[in-house]
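Biologist: Hi, could you walk me through this model? I'd like to begin with the aromatic residues.

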Amino acid sequence: MRKKYFFILVSIVIFVNIISFIYGQSTGFEVSPFLIKSVLERGESISHKVTITNFEESQTFDIIPNADFISVDIEELNLNKDEEGSFNVVLDSMNFREDIYVGKITVSGENKEIDLPIILEIQTAFSLADVSIEVPQGFSGVVPGGDFVVDINAHKLKGQVDDFVLEYFVRNLDGKVIFFDQQDLRVGKQTSITKTIPIPEDALGDYVFSVSIKDKTGVSTGTSSFPFLVSESPELKTKSNYYLFISFGIIMVLIIAFLIFNHFWNKRIITTARE
């Protein structure tokens with residue numbers, strides 16, 4: 001009987017340690033918000049506050065932006081366990097033309113790093129037209145070699161111009177373009193189209209789809225963008241959940257198998273003793 005309880009206790013301890021290890025690996029710290037996206041007119045700038053929450057022992061975080069339009073007020077932050085700290089991110093459109101810009105801030109701790117996606121849309125002050133994006137359910141995550149499907153709504157805001165040019169981009173968080181296309185579009189008051197974008201076989205990670213609408217003179221620019229994930233298994237939110245489920249299943253199978261074996265073994269001993 002003591003062996004049975006000892007085995008169950010050991011199994012529980014192992015399971016708790018597996019949970020603690022996986023949880024610690026996946027949540028050593030958090031960054032909030034998980035995305036920064038701003039729409040500015042050329043020459044404007046905006047500041048965002050970013051918070052880091054540390055769940056491990058005292059550690060120092062490196063804060064590194066990867067694009068010229070992104071700046072931070074500190075490059076290093078030391079936090080104790082269960083402590084929060086913050087830094088400010090400034091997006092500046094001063095030296096950039098009207099377009100969509102993609103970058104990231106990498107926050108690195110001792111055991112892992114988190115990339116904070118940054119999207120800056122720069123529009124003209126008085127756009128003749130604008131666009132909006134709707135992503136059908138099930139397409140916020142795409143497998144390599146799959147298709148990213150998006151619904152685009154173009155709206156004419158003012159003026160007599162009906163002929164516009166749409167430009168489509170897909171970029172990773174380093175700003176590398178993996179897809180580009182453009183098309184002429186006649187917009188009366190509102191026009192909707194569906195765009196299917198092939199994703200390369202070697203694509204993996206976070207990407208941003210963006211579309212801009214311009215009149216053919218190039219005077220007016222409207223923009224819209226949407227971040228999405230390219231993953232081998234987009235249906236799985238995180239690998240840690242998968243491993244946690246597998247670990248739990250293995251431990252439970254072992255416990256049940258031992259209890260069944262122990263039950264029949266005890267029964268056999270009692271039967272043998274009676275004989």
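Modeller: Happy to! Phe148, Tyr168, Tyr207, Phe209, Phe226 and Phe228 form one aromatic cluster. Rings of Phe, Tyr and Trp (its six-membered ring) pair if their centres lie within 6.5 Å; planes under 30 degrees apart count as stacked, over 60 as edge-to-face and the rest as tilted. This is a predicted model, where local features need pLDDT of at least 70, side-chain atom pairs count only at pLDDT 80 or more, and totals for chains, interfaces and linings use all residues. Residues are numbered from 1 along each chain as its sequence is written, and side-chain values use heavy atoms, leaving out hydrogens and water.

Biologist: How many aromatic pairs does the structure hold?

Modeller: There are 10 aromatic pairs. Take Phe69 and Tyr101: their ring centres are 6.1 Å apart and the planes stand at 50°, so this pair is tilted.

Biologist: Which parts of the chain does that pair link?

Modeller: Distant ones: Phe69 is in the loop between β4 (59-65) and β5 (70-72), while Tyr101 is in strand β8 (residues 100-108), 32 residues apart. Strands here are DSSP runs (E, at least two residues; helices are H or I, at least four), numbered from the N terminus.

Biologist: And is Phe69 buried or exposed?

Modeller: Phe69 is buried at 4% relative accessible area, and Tyr101 counts as buried too, at 17%. Buried means under 20% relative accessible area, exposed over 50%, and partly exposed in between (1.4 Å probe, protein chains only).

Biologist: Why does the pair of Tyr168 and Phe209 count as stacked?

Modeller: Their ring centres are 6.3 Å apart and the planes are at 20°, so the pair is stacked. Tyr168 belongs to strand β13 and Phe209 to strand β16, so the pair ties together parts 41 residues apart in sequence. Tyr168 is buried at 0% relative accessibility, and Phe209 is buried at 0% as well.

Biologist: What about the largest nonpolar core?

Modeller: That core has 26 residues, and those with the most contacts inside it are Phe148, Leu166, Tyr168, Ile199, Phe209, Ile213 and Phe228. Elements giving two or more residues to it include β12 (147-156), β13 (163-172) and β16 (205-215). By nonpolar core I mean a set of buried Ala, Val, Leu, Ile, Met, Phe, Trp, Tyr and Cys residues joined through side-chain atoms within 4.5 Å. A second, separate core of 25 residues includes Ile36, Val72, Ile105 and Leu116.

Biologist: Which residues is Phe228 in contact with?

Modeller: Leaving aside neighbours within four places in sequence, the contacts of Phe228 include Phe148, Val170, Ile199 and Phe209. Contact means heavy atoms within 4.5 Å.
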